[in-house]
Amino acid sequence: METNITNKGTATLTVDGKSYELPIYGGTIGPDTIDVRALYKQTGMFTFDPGYTSTASTESQITFIDGDKGQLLYRGYPIEQLAEKSTFLETAYLLINGELPTHEQSIEFTNTITNHTMLHEQIERFFQGFRRDAHPMAMLCGTVGALSAFYHDSLNIEDNSQRDISIHRLIAKMPTIAARAYKYSIGQPHVFPDNSLSYSENFLNMCFSVPAEKYEINPIIADAMDKIFILHADHEQNASTSTVRLAGSSGANPYACIASGVACLWGPSHGGANEACLNMLKEIGTVDRIPEFVARAKDRNDPFRLMGFGHRVYKNYDPRAKVMQETTHAVLGELGIKDSPVLDIAMELEKIALNDPYFIDKKLYPNVDFYSGIVLSALGFPTSMFTVLFAMSRTVGWISQWNEMLEDSSQRIGRPRQLYTGAGLRDYTPMDKR
Ligand code: ACO
């Protein structure tokens with residue numbers, strides 16, 4: 001990766017009367033950064049930033065978020081335009097390669113992904129080994145990691161063509177693994193991929209068709225599925241992407257790295273939030289109970305939070321939430337769902353929270369998860385599958401960021417420091433003296 005960093009002078013840090021010059025770097029858009037790499041060598045001090053709220057861990061040319069404006073760009077293109085005009089596979093090509101594909105490139109990429117959708121037959125034995133009640137995320141995490149045991153021909157990360165094959169395999173096989181995990185969890189037979197279908201059509205077919213009955217693919221539903229995948233494809237250096245980069249920084253193989261991303265995404269503060277949000281909407285139950293829950297969210301002594309509200313980076317409306325709201329209405333309309341109590345509660349809750357000084361002052365707006373649970377459950381997915389769908393889509397972002405990291409000559413193994421506040425040096429105490 002050619003660097004796009006521009007030098008913008010220096011910042012002066014003064015410690016105990018001694019001054020140090022720290023380089024300032026500018027990017028294309030977004031805040032400038034202060035280079036602290038030499039700080040420890042020069043001053044013997046570390047920076048302290050738990051949760052990395054002020055730390056740029058890398059230069060990246062893939063995704064940009066302006067949290068104050070509520071803007072999300074993939075390779076410069078606004079997410080709203082991609083959701084309206086692109087397809088998931090075209091967006092995947094864009095994220096990985098940096099440019100939208102030409103007609104020929106698009107056909108070639110789609111063919112390549114389509115031709116990698118099947119799983120090695122022995123992977124089937126993994127599924128047989130899982131308990132019937134295993135969470136699909138547990139199966140996804142384990143099976144993705146296990147891919148490295150099957151594709152020895154593409155584990156050399158120094159070889160560009162092997163990296164490409166791994167990228168294609170991961171994008172192509174994630175839906176097959178995800179659908180397989182779903183079918184296993186509900187005791188239905190595995191449905192093989194159908195290469196005559198688009199990425200999203202194929203996924204819906206693998207999830208919802210059964211040998212006894214053909215699944216009629218509704219183009220509006222398939223389009224909504226594709227949009228949902230586009231919206232979740234990348235989000236710059238979020239927790240799971242940073243996990244993938246950190247795992248990859250040691251030279252680990254791509255399947256192991258993506259498995260680490262799946263594991264991180266599973267948490268309720270990250271990918272698990274849409275499941276938590278839908279559960280919360282169901283718990284609220286009726287519109288008249290909303291004030292009670294809003295009051296609880298505002299109560300400092302109550303750990304309850306309004307799920308689907310707030311974001312580490314967005315201090316404005318999450319642009320994905322807007323598209324997701326429209327998609328939710330389109331899907332419910334197409335499916336003829338006129339009475340949706342959870343949607344009614346969501347709309348009212350959004351209205352109340354957006355006018356409440358607590359949420360206004362803290363800049364807490366609905367995030368993408370606020371509506372995604374409603375639409376995914378309308379599409380027929382159980383809550384246990386929500387994060388799995390997110391992982392399928394985010395695989396594109398993870399693998400693009402992993403690939404970018406490997407092309408960046410300035411990258412080193414990720415190794416944060418700490419501020420140690422534990423016990424000082426002391427001698428071992430024998431058991432009878434404790
Ligand atoms: N409901 C009520 N209060 C909230 C909420 C919420 N959903 N979110 C944040 N706050 C309050 C906090 O209590 C805190 O108040 P204080 O300053 O008085 O202590 C303040 O807003 C800042 O919150 P932090 O937790 O410090 O913000 P952070 O950036 O660390 O957290 C997070 C972001 C984790 C997303 C948080 O807003 C949250 O828990 N939201 C609900 C879960 C959720 O929807 N997650 C999905 C994220 S999007 C994604 O992963 C795709």
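1. Ground rules. The model is predicted: local features need pLDDT of at least 70, side-chain atom pairs count only at pLDDT 80 or more, and totals for chains, interfaces and linings use all residues. Residues are numbered from 1 along each chain as its sequence is written, and side-chain values use heavy atoms, with hydrogens and water left out.

2. Strands S1 and S2. Helices (H or I, at least four residues) and strands (E, at least two) are DSSP runs, numbered from the N terminus. Two strands pair if DSSP finds at least two bridges between them. The hairpin has two residues between its strands.

3. Aspartate 16. This residue sits in the loop between strand S1 (6–15) and strand S2 (18–26). Its phi is positive, about 50°, although aspartate 16 is not a glycine. Is aspartate 16 buried or exposed? Aspartate 16 counts as exposed, because its relative accessibility is 79%. The scale is this: buried means under 20% relative accessible area, exposed over 50%, and partly exposed in between (1.4 Å probe, protein chains only).

4. Strands S2 and S3. Isoleucine 24 is opposite isoleucine 34 in S3. Six residues separate the strands of this hairpin, and glycine 30 has a positive phi near 100° there.

5. The S4-S5-S6 sheet. These three strands form an open sheet in that order, with antiparallel pairing. Strand S4 (63–66) and strand S6 (77–78) are the edges, each pairing on one side only. Strands of a sheet pair through backbone hydrogen bonds, either parallel or antiparallel.

6. S4 against S5. The pairing of S4 with strand S5 (residues 71–74) is antiparallel and runs over four bridges. Which residue is the bridge partner of aspartate 66 in S5? The partner is glutamine 71. Threonine 63 is opposite tyrosine 74 of S5. The hairpin has four residues between the strands, and glycine 70 has a positive phi near 75°.

7. S5 against S6. Two bridges join S5 and S6 in the antiparallel sense. Tyrosine 74 is opposite tyrosine 77 in S6. This hairpin has two residues between the strands, with arginine 75 at a positive phi near 50°.

8. Helix H3. Helix H3 (residues 88–97) is largely enclosed by the rest of the structure, because eight of its 10 residues are buried. Those buried are Phe88, Leu89, Thr91, Ala92, Tyr93, Leu94, Leu95 and Ile96. Glycine 98 follows H3, and its phi is positive, near 95°.

9. Helix H11. The expected span of a helix is 1.5 Å times one less than its number of residues. For the 12 residues of helix H11 (residues 254–265) this gives 16 Å, and the end C-alpha atoms are 16 Å apart, which agrees. H11 is mostly covered, with nine of its 12 residues buried. Among them are Pro254, Tyr255, Cys257 and Leu265.

10. Glutamate 236. This residue lies in the loop between helix H9 (219–232) and helix H10 (239–249). Its phi is positive, near 40°, and glutamate 236 is a residue other than glycine. Glutamate 236 counts as partly exposed, because its relative accessibility is 22%.

11. The ligand shell. Of the 20 residues around the ligand, Arg300, Leu306, Gly308, Arg312 and Lys362 come nearest. By class, the shell has nine nonpolar, six polar and five charged residues. Ala, Val, Leu, Ile, Met, Phe, Trp, Tyr, Cys and Pro count as nonpolar, Asp, Glu, Lys and Arg as charged, and the others, Gly among them, as polar.

12. Ligand contacts and cover. A side-chain N or O atom of arginine 300 is 2.7 Å from an oxygen atom of the ligand. For arginine 305, a polar side-chain atom lies 2.9 Å from a ligand oxygen atom. Leucine 306 places a polar backbone atom 2.7 Å from a nitrogen atom of the ligand. The ligand has 920 Å² of accessible area on its own, and the protein covers 75% of that. Accessible areas come from the Shrake-Rupley method with a 1.4 Å probe.

Conventions
Near = heavy atom within 4 Å. Polar contact = N/O pair within 3.5 Å; in protein donor to acceptor, adjacent residues only side chain to side chain.
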